Amino acid sequence: MAQTISEKILSNHSVENLIAYSGDRIDVKPSTVLSNEMLPMISIAKFLQTGAKYVKSDIAENMLVILDHGGFGVTDKYIDIHELARRFTRDHNIKLMDTGAGISHVVFPELGYAQPGYLILGTDSHTVNHGAFNAYAQGIGASDLVELMIKGYTWLAVPDTNLIRVNGKLPANVYSKDLILTINGEKKMDWSTDKAIEWQGSTISDFSLEARMTISNMAVEQGAVAGIMPFDNKVENYINSTPMKNQSRPVFPDKDANYSEIFDFDASTLSPVVAIPHSPDNVKPVSELGSVELDQIFMGSCTNSRIEDLEIIARILKNNRVKVRTLIIPGSASVALEAVKRGYVEIFMQAGAIWSYSTCGACFGGTLGRVGPEMTALSTSNRNFIGRMGGDDTSKVYLGSPATAAQSAITGVITSSGVI
Amino acid sequence: MIELNINGKVMKFGDGINTDVIIPSKYLELRDPSIFSKHIMEPIRPGVFNDIAKLGMTVLVAGNDFGSGSSREQAPEALKQAGFDAVVAESFATIFYRNSINVGLPVMEIPGVAKFVEEGDHLSINFDTAEVRNITQSTSMSGKKTNSFLLDKLRIGGLIPELQEFVRRNK
């Protein structure tokens, strides 16, 4: 029987070598595992509570813990949480990327942990990001991680799949962020609940891996458990540039694979958009917004903080001054270094923006760049729920592309890219 | 064994309640569920933690897509710790639903439940049969039966007790 990409990848990782189809529940062994502060905040205590002594070696060897949410020595509690992670990962031979190394969904693929055909499980809902590499990547809970560490496998429900085909050439000043916001705005937060998404089409193929990750990253903002993109030579080239050797096993859907729904989208109809408070699926074209004055702008997060994003921001901020407090957080230490080499950091600082070390920052509202009551902010991150970036129901957070954010920094009001 | 026949008074919420609303991220560093659970639902209805005991409302009823957003297991953990015996909703986000089972919080999807229940109504929920009775309004309806594989996990209190047993057996 014909299979979707999800059905194939999950079958390939079945503990019992089952050929699985949507609706099945199977035990699976992941290729790689991602964790963050969820490990020290929850999983370690629960692991010890079970009486377990050792982390399964094949999990420990393929697991990467990245301390990204809590900042670098910011609060006493996070200092303790981070120290607990260091001790545990040292004792159990698990690789740790310490505070400041970067945001997990930027660092994980940079180091080659996301590859075609992989089953990736991570204790963060934006783990779906790694579907851009033709992998099945799903977010799990902290107790699920404990199960993986003890048993080496866990169960997954094999999902139905929604197919989204995007064709057409993007208009000028429109980016992959505008595409995913627009589709999520049309389809809403629960269109793909319990389902995987497969992406196809010329627009997706034309995008770089950085731009593709912005899209797959926000698959969870339409409820999806995974958002998988096709394999091509761009994926292969990216993998070959990582320190991990290429272990890819590209997976293609069968011709007559069974899709739950098929959605065709014409990218040439797009314009710059923002998500307006308080939901990522509350989407409007910037041209229909009216004047929205900003108190703060945040450019960063696992959705938009990679070198290509910084390149777009630098192009717009060059020889300009920001009119509103603007915080730029690079996605990883290596993105930051590349930005220094290319002269972007000088452009940012000459424009009057604040440049920081790499962390989740304002997106999570944990450290750095929080907004307060009555404040209005524009962010390149993925969620604008009430209180998400700090503040309360009087705080307003808009989500947009790096280009829209950079243009808006210059004008002080939400301005669609290309106006200046 | 955890009782899966649940009776209680309803506290009602709307559609699209996400995990940042259920437990705002700034409280996660507190780590101890008995402490961070005091802040549940703070962005939309401050004081819920006190209301549960004061008003005796121990069944949470919600609309569509309950628990969307973050993978934080602290969301169902906080609801359970705060005193909710069950959460029923029109629909749930995937990770929240799984996390609820893992932490031993009974959850059931009941399409139509938002119209069937008013805040303060007394509900009786049988998780084995998925029968729901609204005692206040003398009506009844059926939810979606929770998978027996998941009910078994719920009965023993969630994933960690199951893993304790696994570790003991494999010593």
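Helices (H or I, at least four residues) and strands (E, at least two) are DSSP runs, numbered from the N terminus. This is a predicted model, where local features need pLDDT of at least 70, side-chain atom pairs count only at pLDDT 80 or more, and totals for chains, interfaces and linings use all residues. Residues are numbered from 1 along each chain as its sequence is written, while chains are lettered from A and ligands numbered from 1 in the order in which they are written.

**View 1. Arg169(B) sits in helix H8 (residues 159–169) of chain B.** Is this residue buried or exposed? Arg169(B) counts as exposed because it has 7 C-beta neighbours inside 10 Å; the cut-offs are 20 or more other C-beta atoms within 10 Å for buried, 12 or fewer for exposed, and partly exposed in between, with C-beta atoms placed from the backbone. From Arg169(B) to Gly83(B), the C-alpha atoms are 32 Å apart in space, and the two residues are 86 apart in sequence.

**View 2. Leu79(B) and its contacts.** Two residues are in contact if their C-beta atoms, placed from the backbone, lie within 7 Å. Beyond its neighbours within four places in sequence, Leu79(B) touches Ile22(B), Ile40(B), Leu60(B), Phe84(B), Val87(B) and Leu105(B) in this sense.

**View 3. The largest nonpolar core has 182 residues.** Such a core is a set of buried Ala, Val, Leu, Ile, Met, Phe, Trp, Tyr and Cys residues joined through C-beta atoms within 7 Å. Leu317(A), Leu79(B) and Val87(B) have the most contacts inside it. Helix H11 (residues 307–317) of chain A gives this core its largest share, seven residues.
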